[in-house]
There are 4 protein chains.
Amino acid sequence: MSTGTPAPQPASTARLEAFSDGIFAIAATLLVLDLRVPDDVTTGGLAHALGQLWPNYAAYVVSFATIGIIWMNHHAQVDRIARADRGLLTLNLVLLLFVSVIPFPTSMLARFLRAGSDQHVAAAVYSATLLGMGVAFFAMFTYARRAGLIVDQVSPAAARFLTIRNLAGLVPYAIAVGLAFVSAPASLALCGAVALYYLLPERLLGLPDA
Amino acid sequence: MSTGTPAPQPASTARLEAFSDGIFAIAATLLVLDLRVPDDVTTGGLAHALGQLWPNYAAYVVSFATIGIIWMNHHAQVDRIARADRGLLTLNLVLLLFVSVIPFPTSMLARFLRAGSDQHVAAAVYSATLLGMGVAFFAMFTYARRAGLIVDQVSPAAARFLTIRNLAGLVPYAIAVGLAFVSAPASLALCGAVALYYLLPERLLGLPDA
Amino acid sequence: MSTGTPAPQPASTARLEAFSDGIFAIAATLLVLDLRVPDDVTTGGLAHALGQLWPNYAAYVVSFATIGIIWMNHHAQVDRIARADRGLLTLNLVLLLFVSVIPFPTSMLARFLRAGSDQHVAAAVYSATLLGMGVAFFAMFTYARRAGLIVDQVSPAAARFLTIRNLAGLVPYAIAVGLAFVSAPASLALCGAVALYYLLPERLLGLPDA
Amino acid sequence: MSTGTPAPQPASTARLEAFSDGIFAIAATLLVLDLRVPDDVTTGGLAHALGQLWPNYAAYVVSFATIGIIWMNHHAQVDRIARADRGLLTLNLVLLLFVSVIPFPTSMLARFLRAGSDQHVAAAVYSATLLGMGVAFFAMFTYARRAGLIVDQVSPAAARFLTIRNLAGLVPYAIAVGLAFVSAPASLALCGAVALYYLLPERLLGLPDA
């Protein structure tokens, strides 16, 4: 946009959170628009038609859970950020762009999950979107650390450890992109497993509770 | 999601409320997208076509009121929660998944309420969704109580009483699922009666005002 | 909903505002979904097709402005409310139901504004929805006054005066319902004039600035 | 709306921000609804069909980024406003009307970007919408300055400088409107360049960091 301020001022993270929460909540809720009973249910009736929608349910649940988890992680990270400069806001916008676009590959994957060769394209685009979201998330908080925007500075060793761990978190999505060309359902299942891993309480995973 | 924090931090309930409120508000408002005048209104004109939409109005009002009431109850319960751990956030996500999916069974019920045998399937799915939402709500706050997240601990006797009362609140929805196979309109009416019960001021029900 | 609390607790108005603001904002933004270029633009091209959409633009602007104004008034009134009991929350839900349903009559009016006799039905439903919203607003704040929920009590004389003035505010919408059966565009124009009246600064109307 | 208060009270900017943030977030997220795989993907398969959607991606990204930037600028400006009177709320509503309508010209531009002569109309409407948004933004904060609503008054010289600079910010959009009649893609690219300019960190542009 063009007017008002020549350059946006550093923003308190409060409104950054409010805007981001809005996008997270809307993107998650818009997913429902793709759950629709087909116009023609004459063959086998409604129960049969609902059963045929299972790719929609699977994609819905994985996408909803993934948005929910990125919301949780975003929340946890922004809490540690003291102030937002323009670079951070821009990277946050890139992250939100990936979040808000999720209903598109979700809808596409649900539609093509059982379609011959197109299933591979649909699953690759789907997991690539989640990978892109992960990369944007990683970039945003790496930027925040380097730009000194974090409230409590961590030691260089701890920061290096965190960075490696975070990069490792991108690996499953990268694998899911490749896996898409072998099996679309397997690729979706891997994305779902990532979500499940983050949703389960730490003690079930043998980790100390956060 | 994969990056940033290996495990989400305990969240203040403030942002839990903001995200949840967003989902409640959006799900309630998206319901309107299913109110549409049919393309063909030549027979009998618009007034007749609007009259034919009564199942849409009925399902709209019951769903809107139900989301409104779960919002109120969510509000009242979260106010008593001191902090949110990952388990609570996950159960809250499950609850929000049920809330945000409501436009789907609502749309389906409106469409099939007058359709031969499919009306039973549609009504059963509809009331099962509300039942699932109720179970998620029950699970979330039972978890909060057991995990010691509640601000003011209630006595064991009071807690037992509350649990029984809350479980009892699920009974009408379970009945509505069964009733769906007898009469879809009756099942919807029962769901509406539950909403109405919670909306009426306590004094009209002979209860002390909350 | 059925679980958690047998009866919702009195809510702080903060979260009442957040939920209401969400519904206002979403309903206003969903209006855009009905602005769509028709599939067939071969006759006369896009410019001609866009020109044909003027009923959509008119209905869009009137509905958007009306939602904006009810948001402003809601804001001003809730600021004076000390606490929300269940009756107030219920009446607020009724108000929000009218707000969130607005995209439906808006879409219908845009479609039928130039259609023979159906334009009267569409315009009557449209202005009746705005009237219903006004009545719900009136009921909500009359209830708040009678239930002693208002922060600064006004004198009985002032309260009577305000009530009369507020009731008078419903008159234009009631007239618009009747006018719909004479001319749909005139009915819409009257609704737009009400919005314009509230949007113009007080000094242009010869009123003291609020 | 007609009831409650005869005239809306001056509003704290907190709720102005909340409502505006809601509209920004929803408008940005609704853009995704126009990303849809065409029904017929038999020719060339899904990958080909996705490739054909590039006008949709381009328009999506430019619109999303533009809404994100106006959000940032709105944020920075509202932070300097001490209180909101009715005039400011009304101008804010006009701004929000332009923001919330963006999905409409975006969808239209994506559809007509490769269509003979209609591309010019679509691109002109698109950039005119962004221009209108910029004008509303300019008007809102010029009003705030003149009405003495700004927290920290700037000197007359600085105010004049800011006004000129802000007016200059409208020029690219005005050029984009004219450019639309030469080349629709060039017009969209110019709008995108404006967004990019505001997104890049100041130091890359040789400006002091805000």
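**A walk through the assembly and its helices**

Let's start with how two of the copies relate: a rotation of 90° with 0.0 Å of shift along its axis brings chain C onto chain B, with an RMSD of 0.0 Å. That relation is the one a four-fold axis gives. Please keep in mind along the way that this is a predicted model.

How do these two copies meet? Only 8% of the interface residues of chain C are also interface residues in chain B, so the copies meet through different surfaces.

We can now turn to another pair of chains. Between chain D and chain C, 38 residues of chain D are in contact with 49 residues of chain C. On the chain D side, helix 1 (13-30), helix 4 (86-101), helix 5 (103-112) and helix 6 (118-146) each supply at least two of the residues that touch chain C. Sorted by class, that side of chain D has 23 nonpolar, 10 polar and five charged residues.

Next, stay with chain D and look at how helix 6 packs inside its own chain. Two packed helices are described by the angle between their axes and the distance between the axes. For helix 6 of chain D and helix 8 (residues 184-199) of chain D, the axes come within 9 Å and cross at roughly 15°. Since angles under 35 degrees count as roughly parallel, helix 6 of chain D is roughly parallel to helix 8 of chain D. The crossing of helix 6 of chain D with helix 8 of chain D is left-handed. Helix 6 of chain D brings Gln119(D), His120(D), Ala122(D), Ala123(D), Ser127(D) and Leu130(D) to the contact, and helix 8 of chain D brings Ala184(D), Ser187(D), Leu188(D) and Cys191(D). By class, this contact has six nonpolar, four polar and no charged residues.

Over in chain A, helix 5 (residues 103-112) is worth a visit. All 10 of its 10 residues are buried, so helix 5 of chain A is largely enclosed by the rest of the structure. Among these buried residues are Phe104(A), Met108(A), Leu109(A), Arg111(A) and Phe112(A). What covers them includes helix 1 (13-30), helix 3 (54-78), helix 4 (86-101), helix 6 (118-146) and helix 8 (184-199) of chain A, together with helix 2 (45-52) of chain D.

Arg165(B) sits in helix 7 (residues 156-179) of chain B. Arg165(B) counts as partly exposed because it has 14 C-beta neighbours inside 10 Å. From Arg165(B) to Leu199(B) there are 34 residues in sequence and 18 Å in space, C-alpha to C-alpha.

How values were computed. Residues numbered from 1 in each chain as written. Chains lettered and ligands numbered in written order. Predicted model: local features only at pLDDT ≥ 70, side-chain atom pairs only at ≥ 80, totals over all residues. Helix = DSSP H or I, 4+ residues; strand = E, 2+ residues; numbered from the N terminus. Buried ≥ 20, exposed ≤ 12 C-beta atoms within 10 Å, placed from the backbone. Contact = placed C-beta atoms within 7 Å. Nonpolar A, V, L, I, M, F, W, Y, C, P; charged D, E, K, R; others polar. Least-squares fit on C-alpha atoms with pLDDT ≥ 70 in both. Axes fitted to C-alpha atoms, helices over the stretch in contact; angles between N-to-C directions. Parallel < 35°, antiparallel > 145°, perpendicular 65-115°, else oblique. Left-handed = near helix turned anticlockwise from the far one by under 90°.
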